[in-house]
Amino acid sequence: MSLSQAQVLAQGNNADEATEKLVTDITQDKILHGILAILVASGSIYIIQAIANWMSERVPRRLRLIIKQSIPFWKALILVMSGFYLANLFLKLSESNLVAVTGTVAVALGFAFKDYVSSIIAGLIALFEAPYHVGDRVRIDDHYGEVVGYGLRAIQIQTPDDNLITIPHNKTWTEPISNANSGKLEAQVATNFYFSHDVDVEKVMQILYQAAYSSRFTQLKLPIVVVMEEKIWGTQFKLRSYPIDARDEFIYKTDLIRRAKAAFVYEKLSYPSLLPPGMMEDGENQE
């Protein structure tokens with residue numbers, strides 16, 4: 001036997017010995033316990049999600065978001081406990097073995113699942129930094145909607161068009177995140193109105209304030225403000241106010257516009273005769 005062959009055999013024996021030191025004896029009972037642990041963890045996550053969603057719709061508004069925001073914590077706790085149980089079941093977790101396993105897993109995952117691991121790490125960090133919670137209304141990239149799901153790898157956003165969009169947590173590394181309510185029940189709604197330069201400004205502002213104060217959706221404890229800006233083609237008025245529940249954002253905006261337009265028609269207030277080309281859908285000029 002040559003020297004190189006002897007070295008290969010020695011390395012193979014060392015690897016087998018290391019595996020024997022690291023992995024416990026695999027028995028049928030251990031396999032059944034492992035499968036049972038996975039099933040219990042999956043069932044627990046499903047039950048917690050279902051109970052939290054059921055409770056959140058039956059408690060006072062202020063408690064709804066608190067209940068939903070606790071879901072990611074319980075999911076993470078269940079996954080960590082299950083992971084430790086399975087590792088303890090199949091591995092001999094001595095101090096030296098734990099270091100070896102951690103290093104090996106980190107290297108393997110770093111190469112094989114770089115983006116996936118990045119999303120998981122970003123999700124764990126997001127639990128503490130809290131750039132978004134379940135129930136928040138956020139804009140990430142070109143997507144806007146309510147955070148309805150918070151998983152280990154990604155969040156789910158339900159858009160106003162009722163589309164469900166999955167966004168990986170690692171977007172937080174590179175994309176700005178706009179959060180309209182940051183864990184609170186209310187989110188400011190900005191409603192734009194446009195008039196010609198010769199409009200009665202005081203009359204318009206009076207109507208907009210009255211529309212906000214008379215709407216049943218308005219949170220009267222928060223400020224209601226009307227601001228205006230001069231454009232080349234006319235005057236833009238922006239009504240800034242808060243609905244009682246952020247989920248009513250678009251219903252609230254529609255109610256404000258309906259009330260204001262009825263008063264504008266009655267007062268015969270003039271709109272701009274012509275809007276310039278390149279107007280966005282929400283009526284503002286593209287920059």
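Predicted model: local features only at pLDDT ≥ 70, side-chain atom pairs only at ≥ 80, totals over all residues.
Residues are numbered from 1 along each chain as its sequence is written. Local features need pLDDT of at least 70, side-chain atom pairs count only at pLDDT 80 or more, and totals for chains, interfaces and linings use all residues, while side-chain values use heavy atoms, with hydrogens and water left out.

The structure holds 5 salt bridges. A salt bridge is a side-chain nitrogen of Lys or Arg within 4 Å of a carboxyl oxygen of Asp or Glu. Three residues, Arg137, Glu146 and Glu249, are linked in a network of such bridges. In another, arginine 137 meets glutamate 249, with an N to O distance of 2.8 Å. Arginine 137 lies in strand β1 (residues 137–140) and glutamate 249 in helix α9 (residues 249–267), so this pair ties together parts that are 112 residues apart in sequence. Helices (H or I, at least four residues) and strands (E, at least two) are DSSP runs, numbered from the N terminus.

The accessibility of these residues was computed next. Buried means under 20% relative accessible area, exposed means over 50%, and partly exposed lies in between (1.4 Å probe, protein chains only). Arginine 137 is buried, at 6% relative accessibility. Glutamate 146 is buried too, with a value of 11%. Glutamate 249 is also buried.

The side chains of aspartate 255 and arginine 258 meet at 2.8 Å, N to O. Both residues belong to helix α9. They stand 3 residues apart, about one turn of the helix. Aspartate 255 is buried, with a relative accessible area of 8%. Arginine 258, by contrast, is exposed, at 53%.

Aspartate 141 has a positive phi of about 60 degrees, although it is not a glycine. Aspartate 141 sits in the loop between β1 and β2 (143–150). Its relative accessible area is 40%, so aspartate 141 counts as partly exposed. Lysine 268 also has a positive phi, of about 55 degrees, and is not a glycine either. Lysine 268 is found in the segment after α9. Lysine 268 is exposed, with a relative accessible area of 74%.
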